[in-house]
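Open the model in your viewer and keep the selection panel at hand.

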Amino acid sequence: MMYIGELAKLTGASRKAIHHYEALGLIPQPPRKGRYRIYRATDVDLVAMIKCAQSLGFSLKEIAGVTSAAAQTGTLPAEMVLELIERKRQALRQTIDRALAHDRQLVALQADLRHNAGLCSSAA
C-alpha cells in the first residue's frame, strides 16, 4: 500500500498523469484512507506499462483494453498485447513505406531540377 507520491516516484509518472489514467479508467479507482488514495503494487505495474507503451508510440486509447483486462485479472493479457504490437508494427511499416516513396519523389525532383538548370551533382 502506498500514496500517490510513492507511486509517482516508482513509475516516473507525474501525479497529474496518474489522476488522468484514473479518470480514463486505465487504472482502477484506488480505495481511500481519509482524503488520500491508497495504491497497490499492481498499480505500479499498470502505470509502468502505460508509460512504456506511450514511449513506444501507443496512445492511451489503444492501450485501454489491455490495462482494463490487466486490472481485472491481475495479469498482463499477453495475446491482446501481442496483437496490439503487431498492429502498431504494421502501421509503422506503412509509415516507413510512405516516407521512402516520398524520399524517392524528392530525389527525382532534385535530379530533374539539377538537370534542367544545368547543374551537376558536384556543384550542389
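Select H3, residues 41-55. The cover over its buried residues includes helix H1 (4-11), helix H2 (15-24) and H4. Buried means under 20% relative accessible area, exposed over 50%, and partly exposed in between, with a 1.4 Å probe and protein chains only. Now highlight the buried set in H3: Asp43, Val44, Leu46, Val47, Ile50 and Ala53.

Some ground rules. This is a predicted model, where local features need pLDDT of at least 70 and side-chain atom pairs count only at pLDDT 80 or more, while totals for chains, interfaces and linings use all residues. Residues are numbered from 1 along each chain as its sequence is written, and side-chain values use heavy atoms, with hydrogens and water left out. Helices (H or I, at least four residues) and strands (E, at least two) are DSSP runs, numbered from the N terminus. Contact means heavy atoms within 4.5 Å.

**Stop 1: H3 end to end**

Then step past the helix: glycine 57 follows H3, with a positive phi near 95°.

**Stop 2**

Two packed helices are described by the angle between their axes and the distance between the axes. Axes are lines fitted to C-alpha atoms, for helices over the stretch in contact, and angles run from 0 to 180 degrees between N-to-C directions.

Show H1 with H3. Their axes come within 9 Å and cross at roughly 45°. H1 and H3 are therefore oblique to each other. Angles under 35 degrees count as roughly parallel, over 145 as roughly antiparallel, 65 to 115 as roughly perpendicular, and the rest as oblique. The crossing of H1 and H3 is right-handed. A crossing is right-handed if the near helix is turned clockwise from the far one by less than a right angle, left-handed if anticlockwise.

Select the contact: Leu7, Leu10 and Thr11 from H1, with Asp43, Val44, Val47, Ala48 and Lys51 from H3. By class, this contact of H1 with H3 has five nonpolar, one polar and two charged residues. Ala, Val, Leu, Ile, Met, Phe, Trp, Tyr, Cys and Pro count as nonpolar; Asp, Glu, Lys and Arg as charged; the others, Gly among them, as polar.

**Stop 2: H3 on H4**

H3 and H4 pack at about 155°, axes 11 Å apart. That makes H3 roughly antiparallel to H4. The crossing here is right-handed. H3 brings Leu46, Met49, Ile50, Ala53 and Gln54; H4 brings Leu60, Ile63, Val66, Thr67, Ala70 and Ala71. The classes are nine nonpolar, two polar and no charged.

Zoom in on alanine 53, in H3. Is alanine 53 buried or exposed? Buried, at a relative accessible area of 11%. Beyond residues up to four places away in sequence, alanine 53 touches Phe58 and Ile63. The C-alpha atoms of alanine 53 and isoleucine 63 are 7.6 Å apart, at ten residues along the chain.

**Stop 3: H4 on H5**

Bring up H4 (60-73) and H5 (78-116), packed at about 170° with axes 10 Å apart. That makes H4 roughly antiparallel to H5. Glu62, Ile63, Gly65, Val66 and Ala69 in H4 meet Met80, Val81, Leu84 and Lys88 in H5. Six of these contact residues are nonpolar, one polar and two charged.

**Stop 4: along H5**

Finish at valine 107, in H5. Valine 107 is partly exposed, at 45% relative accessible area. Its C-alpha is 45 Å from that of proline 77, 30 residues away along the chain.
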